[in-house]
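Me: I would like a close look at one kind of interaction in this model. Please keep it brisk and give the cut-offs as you go.

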Amino acid sequence: MAERVYIFDTTLRDGEQSPGISLGVREKLEIAEQLQRLGVDIIEAGFPATSKGDFEAVRRISEKISETVVCGLARAVPSDIDTAWEALKNAERPLIHTFISTSDVHLEHQLRKSREEVIEMARQAVSRARSYCPHVEFSPMDATRSDPEFLYRVLEAAIEEGAGILNIPDTVGYAVPDEFAAMIKGIMDNVKGIDTVRVSVHCHNDLGLAVANSIGALRAGARQVECAINGLGERAGNASLEEVVMAIKVREDRLGFETGIVTTEISKTSRLISLLTGYNVQANKAIVGKNAFAHESGIHQDGVLKERTTYEIMDARTIGLTESDIVLGKHSGRHALKEQLERLGHYLEEDELDEAFKRFKELADKKGSLSGDDIEAVALDFIRTEGQEWKLSAYEVHSGGHQAPPSATVTLEREDERVTERAVGDGMVDAACMAIREALGIKARLISFSIEAITGGLDALGDVTVQLDIGGRVVVGRGVATDVVEASARAYLNAVNKVIR
Ligand code: KIV
Ligand code: ZN
């Protein structure tokens with residue numbers, strides 16, 4: 001009988017700490033609902049004390065998500081714990097996750113606290129969190145570079161104060177698999193009361209070992225893995241959820257574990273996160289990269305055609321990859337759009353659907369028909385831009401020629417304000433972005449620009465991702481349109497709006 005492993009998703013917290021990602025409340029709600037459909041056990045919805053936006057997102061997710069545990073992060077200080085509870089208190093199944101560093105390097109240079117003080121802070125934090133909430137998780141940050149004997153004492157204190165989950169982070173992604181597994185075994189063997197709690201692991205991917213370390217830890221006694229969709233997270237990211245889950249599923253024969261993940265939702269979730277965060281998935285990424293099930297060499301193709309298992313260890317359908325047969329045209333109605341969006345896993349409110357339908361009509365008029373990928377891109381573009389302050393209401397571009405440089409005129413609107421600005425640039429995209437900058441009076445440096453066609457064909461929707469540095473803050477923006485200049489202007493404005501927010 002396989003043993004159950006719990007999946008703690010931190011895409012909305014550690015994942016959102018990836019440089020340039022800044023999700024709005026509506027986007028976070030959409031992701032949380034998809035994570036619930038995916039069947040994760042815990043959604044770490046944010047770090048409420050860090051900003052009003054994070055607080056609001058955790059509060060709204062707590063109100064909306066009823067089946068999955070909703071978690072909020074808090075440093076081991078009273079005000080963080082109070083704020084986390086304030087955001088979580090309406091959740092059906094709340095969890096407070098509190099943490100403090102335990103390595104000497106952090107104690108000496110960052111916290112400037114003695115070991116005894118840290119133990120006391122951990123005790124106070126867990127006991128305060130428990131006074132609000134029956135479910136508390138405790139993490140000793142930088143555990144893998146901490147003195148094991150001290151670590152055991154801190155963990156024992158957390159258990160005594162009522163923490164039900166002890167999470168062991170490899171905060172800087174320093175551990176190697178046999179070492180990390182031995183560390184977990186040391187905890188299982190030496191910490192008093194460890195058999196009364198769930199042991200979790202949280203591995204960063206600085207050496208590309210986060211998934212291997214997490215699986216090694218399960219074999220040594222851990223029963224929960226903290227991970228993020230597409231491996232998002234601080235620096236090189238966290239253990240990738242889809243890789244951990246599929247390793248457990250495909251190698252159940254060897255590992256003897258199972259999760260509650262609905263694996264057929266994996267591909268959809270990965271795409272949603274990529275489209276909303278602006279972080280593209282590399283083509284050769286395990287499980288969800290676009291080449292993960294592609295066979296290039298003749299020998300492999302021949303083998304797979306004769307018998308799939310010759311070169312495939314997983315069936316693409318297990319992660320929800322199926323040929324999409326959805327096509328909507330300019331005569332399709334609102335109801336058809338709603339139905340197809342729901343098939344793709346997007347449940348819009350009625351007023352949102354009205355707006356999305358308008359945008360769908362505009363595009364269908366230009367393009368004739370829209371495929372499933374196009375429809376999804378439109379819906380997500382709508383979710384991404386809903387609630388953003390400035391909207392692009394009109395634009396006009398001139399490609400220039402011998403006499404005149406390329407130029408663009410954009411009109412932006414927010415509530416009852418309207419600004420129109422014209423600018424010239426090196427090309428039409430440059431001119432449109434310059435006009436936005438001048439209209440809003442901001443300085444921004446373009447770090448990167450990329451464009452992809454959502455589906456094939458010359459009339460394909462263009463999906464533009466930009467990375468901007470605005471006053472030292474790096475933000476990613478994304479925009480979709482049939483015209484690449486419009487898609488670029490939308491992406492640019494999306495990034496600028498994030499900084500304004
Ligand atoms: O990496 C880390 O140590 C963390 C903790 C807050 C769990 O993200
Ligand atoms: Zn982390």
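Which two side chains meet in a salt bridge at 3.1 Å, N to O?

Reply: They are the side chains of Glu116 and Arg153. Glu116 sits in helix 5 (residues 115-132) and Arg153 in helix 6 (residues 148-160), so this pair ties together parts 37 residues apart in sequence. A salt bridge here is a side-chain nitrogen of Lys or Arg within 4 Å of a carboxyl oxygen of Asp or Glu. Helices are DSSP runs (H or I, at least four residues), numbered from the N terminus. Side chains of opposite charge can pair when their charged atoms come close.

Some ground rules. The model is predicted: local features need pLDDT of at least 70, side-chain atom pairs count only at pLDDT 80 or more, totals for chains, interfaces and linings use all residues, and side-chain values use heavy atoms, with hydrogens and water left out. Residues are numbered from 1 along each chain as its sequence is written, while chains are lettered from A and ligands numbered from 1 in the order in which they are written.

Now the surroundings of the pair. Glu116 is partly exposed, at 49% relative accessible area. Arg153 is partly exposed too, at 39%. That class lies between buried (under 20% relative accessible area) and exposed (over 50%), using a 1.4 Å probe and protein chains only.

The structure holds 46 salt bridges. Take Arg59 and Glu56: their side chains meet at 2.7 Å, N to O. Arg59 and Glu56 are three residues apart in helix 2 (residues 52-64), so about one helical turn separates them. An α-helix has 3.6 residues a turn, so residues three or four places apart point the same way. Arg59 is partly exposed at 26% relative accessibility. Glu56 is partly exposed, with a relative accessible area of 26%.

Asp354 and Arg334 make another such pair, at 2.8 Å, N to O. This pair links distant parts of the chain: Asp354 is in helix 14 (residues 350-367), Arg334 is in helix 13 (residues 334-343), and they are 20 residues apart. Asp354 is partly exposed at 39%. Arg334 is partly exposed at 27%.

Salt bridges also join up. Arg359, Glu362, Lys366, Asp381, Glu486 and Arg490 are linked in a network of them.

Next, the domains. An automatic or database domain assignment supplies their bounds. The protein divides into domain 1 (3-277), domain 2 (327-385) and domain 3 (391-500). The C-alpha centres of domain 1 and domain 2 lie 36 Å apart. Their contact (heavy atoms within 4.5 Å) takes 11 residues from domain 1 and 12 residues from domain 2.

About 1,100 Å² is buried between domain 1 and domain 2, with carbon and sulfur atoms giving 47%. Buried area is the accessible area (1.4 Å probe) that two parts lose on being put together, summed over both. On the domain 1 side, Arg26, Glu30 and Leu275 lose the most area to domain 2, together 41% of what that side buries.

Three salt bridges are counted between domain 1 and domain 2. Elsewhere in the list of pairs, Lys64 bridges to Glu349, with the closest N and O atoms 3.4 Å apart. Helix 1 (25-38) and helix 11 (266-277) each supply at least two residues of the side of domain 1 that touches domain 2.
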